[in-house]
Amino acid sequence: PDGLPNGGDDLELRTQTAADGTYLFTTLPAGNFETVVDPTTLPTGLESTFDPDTGTVTPDGVSALAVAVGEVVTDHDYGFAGTSSIGGTVWFDRDGDGAIGADEPGLGGVGVDLVWTTVFGPQTFGTITDADGDYLFESVPTGAVIVDVDEGSLPGSVTATFDLDGGLDGRSAATLVAGTTNLDHDFGYRGDASIGDLVWLDLDGDGVSTPDEPGVPAQSVELTWQSSAGPISWSTTTDEDGGYGFDSLADGDYAVTIVGGVTTLAENTGDPGGDADSTNNLTISSGSSDLDQDFGYHGQNTVGDLVWADNDRDGMFDATEQPLENIMVGATWHGPDGVVGTSDDVRLPTGTTDALGQYTLPGLPDGNYTISVESGVPPGVDEPSYDVDDGVTDPNGSSILTDLGVAGPEVDLDVDFGFSGRGRI
């Protein structure tokens, strides 16, 4: 009745919060009161963040108020927060080794729950990974918690490759200590689908790969996945046969793009999308693979023309000299780098001379070439007497052409080869 704290007539009432944290004192007389949260009943590792009389400024879990006759106060709230943090990364573990690699992106937009065990039962907090696949729960109380990845928010057709406790179930348990930060709760996932398969020289320009048309090696290929957090890209290069592949992929929308290299030196005639733009969009669903992403390139250049028996070794085809039939003439394209003997060199199919000694190598991309007579020269007429780059000085049956087609589509029908015998009669 005196309204003074510690005046000798104070009366203490006590209650407990319900499972939802609410509390209520009823049938109170009017007067001055002080509410006090008993710190010994709080979960460990909490600190005061709000009380009614100081707000967020030096809250201490104690607050005084005056209650008038008939007054009902239902906003006398207290806030408490933990001092621990827990987090990690959800990532696309393409190689399945359980370690985050340089080309293994985080998975954004994935739901992650934190389940905190209390005397009232489990309390769940949720968050979503950012664009880098990172997540963080701050101000977490001390005690046992479980981090749980929402499988429904993951890309389709993925399997777990890593979680901290080794269960590979998208869950990881921890015991938090007050004032500590644990950022080791990572989760790895990989898919089962693949995308590939070929970049080739479409020598006849029909858009269909045939066994005699070679692949393009060392060609850069880029794959872009439209993930929930935005586009994610990987790159690879074709093997010696022009093959390429991206494996361990999840469901989703993808784009395959052939980058640079042959795209700048020849026309795209074989394109899965049919629009000849060196890129194609596709969708992977239900873990299926797509190994039909083939890209063909047709050059606008042609090389020829004559192999003959140069009896007088003057480097000129005379009326009395015979053309050589069924001679195999081969070509090597020295690739986008133009350097002889590097990994992007392409061995082209051989041409065969007809009854007039003529051969043709069509559909060649721009660049540098070695053209050589490979077989079929009759014995006794097998001494080189003329080729384009050596003339009659020191011919070797092989010619190097540089910058073919660089200034525009080119038909070079002057790549002739002369051969003579060594004897006299």
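The following dialogue explains how several features of this predicted model may be read.

Colleague: Which residues touch the most other members of the largest nonpolar core?

Modeller: In soluble globular proteins, nonpolar side chains tend to be buried together. A nonpolar core is a set of buried Ala, Val, Leu, Ile, Met, Phe, Trp, Tyr and Cys residues joined through side-chain atoms within 4.5 Å. Buried means under 20% relative accessible area, exposed means over 50%, and partly exposed lies in between (1.4 Å probe, protein chains only). Here the largest core has 66 residues, and Tyr-254 and Ile-371 touch the most other members. The element that gives the most to this core is strand E14 (residues 193-201), with 4 residues. Strands (E, at least two residues) and helices (H or I, at least four) are DSSP runs, numbered from the N terminus.

Colleague: Which residues does Tyr-254 touch?

Modeller: Contact means heavy atoms within 4.5 Å. Residues up to four places away in sequence are not counted, and the partners of Tyr-254 include Ile-195, Trp-225, Trp-234, Leu-249 and Ile-284.

Colleague: How many bridges join E27 to its partner strand E24?

Modeller: Two strands pair if DSSP finds at least two bridges between them. Strand E24 (residues 328-333) and E27 pair in the antiparallel sense over 6 bridges, and Val-329 has Val-373 in E27 as its bridge partner. E27 also pairs with strand E29 (residues 398-404), again antiparallel, over 5 bridges. In that pairing, Ile-371 has Ser-399 in E29 as its bridge partner.

Colleague: Why is strand E27 described as largely enclosed by the rest of the structure?

Modeller: Of the 9 residues of E27 (residues 367-375), 7 are buried, so the strand is largely enclosed by the rest of the structure.

Colleague: What surrounds Ala-144?

Modeller: Ala-144 is found in strand E9 (residues 143-149). Because its relative accessibility is 40%, Ala-144 counts as partly exposed. Apart from neighbours within four places in sequence, Ala-144 is in contact with Val-115, Trp-116, Thr-117, Ala-174 and Thr-175. The pairing of E9 may be read alongside this list. Strand E6 (residues 111-118) runs antiparallel to E9 and is joined to it by 5 bridges, with Trp-116 opposite Val-145. Strand E11 (residues 171-176) is likewise antiparallel to E9, with 6 bridges, and Ser-172 in E11 is the bridge partner of Val-147.

Colleague: What is the strand order in the open sheet of 3 strands?

Modeller: The order is E26-E22-E30, with mixed pairing. Strand E26 (361-364) and strand E30 (411-412) are the edge strands, since each pairs on one side only. Strand E22 (residues 301-303) runs parallel to E30, with 2 bridges, and Val-303 stands opposite Asp-412.

Colleague: How many salt bridges does a search of the whole structure find?

Modeller: Side chains of opposite charge can pair when their charged atoms come close. A salt bridge is a side-chain nitrogen of Lys or Arg within 4 Å of a carboxyl oxygen of Asp or Glu. The search finds 4 salt bridges. One of them joins Asp-38 and Arg-14 at 2.6 Å, N to O. Asp-38 lies in the loop between E1 and strand E2 (46-50) and Arg-14 in the segment before E1, so the pair ties together parts that are 24 residues apart in sequence. Asp-38 is partly exposed, with a relative accessible area of 22%, whereas Arg-14 is exposed, at 61%.

Colleague: Which parts does the salt bridge between Asp-148 and Arg-171 tie together?

Modeller: The closest N and O atoms of Asp-148 and Arg-171 are 3.1 Å apart. Asp-148 lies in strand E9 and Arg-171 in strand E11, so the pair ties together parts that are 23 residues apart in sequence. Arg-171 is partly exposed, at 33% relative accessibility.

Terms used
Residues numbered from 1 in each chain as written. Predicted model: local features only at pLDDT ≥ 70, side-chain atom pairs only at ≥ 80, totals over all residues. Heavy atoms only, no water.
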